[in-house]
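Subject: Handing over the structure

Hi there,

Here is the structure I said I would pass on to you. Please open it first, and then read my notes below alongside it.

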Amino acid sequence: MFDFATKFASGLSYSEFLDRYGSAEQRARWDVIHRKVELTDTQRTLLGNFTREMKLFVLAGAWCGDCVNQCPIFDHIAAASPKIQIRYFDRDADSDLAAAISICGGHRVPTVVFLSEDNFFCGIYGDRTLAKYRQMAASQLGAACPTGIGAPDQTLQQQVVAEWIAEIERVQLMLRLSARLRQKHGD
């Protein structure tokens with residue numbers, strides 16, 4: 001099993017990651033998206049009410065379009081919840097991590113690994129959310145049958161933000177309901 005605890009300690013903050021791996025042009029693209037990301041009051045309240053510490057590894061590339069569109073979301077999520085610690089890792093520089101968490105046989109980015117406060121593996125999610133895959137399928141494969149999931153008036157970015165928050169909430173509830181952690185915290 002991959003030693004996530006040791007690796008987490010070597011991770012970078014959002015800004016450190018961009019400073020180390022992003023060119024000025026790449027940083028400018030990330031900054032544009034960062035300014036456009038907005039969490040709703042409901043989303044900020046949800047994230048702010050988390051009770052369990054959780055660690056998120058983000059495997060990314062400053063050059064990656066999907067990372068440009070999603071990693072700024074993670075920075076906003078972390079700012080909304082003191083219980084979420086996020087560390088960023090470069091896909092190429094951290095090839096050991098990339099190999100450990102490959103998806104569909106590839107080193108896809110962004111990929112997020114979720115850990116408990118005491119470094120137990122809780123899940124992996126990435127490289128795109130369902131809304132993004134639906135949008136891609138519609139444009140690349142033709143019209144898709146509408147499912148009725150997701151409000152049609154939401155922008156893709158709002159849907160992606162909501163889907164990432166839903167996955168983070170799922171892991172938070174896993175941690176909150178964990179018998180082991182409830183015993184540890186007496187709740």
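A quick word on naming: helices (H or I, at least four residues) and strands (E, at least two) are DSSP runs, numbered from the N terminus. The model is a predicted one, in which local features need pLDDT of at least 70 and side-chain atom pairs count only at pLDDT 80 or more, while totals for chains, interfaces and linings use all residues. Residues are numbered from 1 along each chain as its sequence is written, and side-chain values use heavy atoms, with hydrogens and water left out.

Most residues other than glycine have a negative phi, and most peptide bonds are trans. With that in mind, have a look at Cys104, which is found in the loop between α6 and β3. Cys104 is not a glycine, yet its phi is positive, at about 55°. With a relative accessible area of 76%, Cys104 is exposed (buried means under 20% relative accessible area, exposed over 50%, and partly exposed in between, using a 1.4 Å probe and protein chains only). Asn119 also has a positive phi, near 70°, and sits in the loop between β3 and β4. Asn119 is partly exposed, because its relative accessible area is 28%.

There are cis peptide bonds to look at too. One runs from Val109 to Pro110, with omega near -5°, and Pro110 lies in the loop between α6 and β3. Another runs from Gly126 to Asp127, with omega near 0°; Asp127 belongs to the loop between β4 (121-126) and α7.

**Some buried residues**

Cys71 is buried, since its relative accessibility is 0%. Setting aside residues up to four places away in sequence, Cys71 touches Tyr14, Trp30, Val58, Ala60, Tyr88 and Pro110 (contact means heavy atoms within 4.5 Å).

Trp30, one of those partners, is part of helix α3 (residues 24-36). Trp30 also counts as buried, at 0% relative accessibility. Beyond its neighbours up to four places away in sequence, the residues it touches include Tyr14, Phe17, Leu18, Cys67 and Pro72. The side chain of Trp30 has a polar atom 3.0 Å from the backbone oxygen of Ala62.

Thr111 belongs to strand β3 (residues 111-116) and is buried, with a relative accessible area of 0%. Its side chain reaches the backbone oxygen of Arg108 at 2.6 Å. Among the residues in contact with Thr111, neighbours within four places in sequence aside, are Phe57, Leu59, Ile101, Ile124 and Tyr125.

**Salt bridges**

How many salt bridges are there? The count comes to 16, where a salt bridge is a side-chain nitrogen of Lys or Arg within 4 Å of a carboxyl oxygen of Asp or Glu. Here are some to find:

- Asp96 and Lys7 meet through their side chains, N to O, at 3.0 Å. This pair links distant parts of the chain, with Asp96 in helix α6 (residues 95-100) and Lys7 in helix α1 (residues 4-9), 89 residues apart. Asp96 is partly exposed, at 39% relative accessibility, whereas Lys7 is buried, at 12%.
- Glu53 pairs with Lys83, and their closest N and O atoms are 3.5 Å apart. Glu53 is partly exposed, at 28% relative accessible area, and Lys83 is partly exposed as well, at 24%.
- Glu167 pairs with Arg170, at 2.8 Å between the closest N and O atoms. About one helical turn separates them, because they are 3 residues apart in helix α8 (residues 156-177).
- Asp66, Arg108, Asp127 and Arg128 are linked in a network of salt bridges.

**Two packed helices**

Finally, helix α7 (residues 130-141) packs against α8 at an angle of about 140°, with 8 Å between the axes. Axes are lines fitted to C-alpha atoms, for helices over the stretch in contact, and angles run from 0 to 180 degrees between N-to-C directions. The two helices are therefore oblique to each other (under 35 degrees counts as roughly parallel, over 145 as roughly antiparallel, 65 to 115 as roughly perpendicular, and the rest as oblique). In this contact, Leu130, Ala131, Lys132 and Gln135 of α7 meet Leu156, Gln159, Val160 and Glu163 of α8.

Enjoy exploring!

Best wishes

Notes: A polar contact is a pair of N or O atoms within 3.5 Å; within protein, one must be able to donate a hydrogen and the other to accept it, and residues adjacent in sequence count only if both atoms are side-chain atoms.
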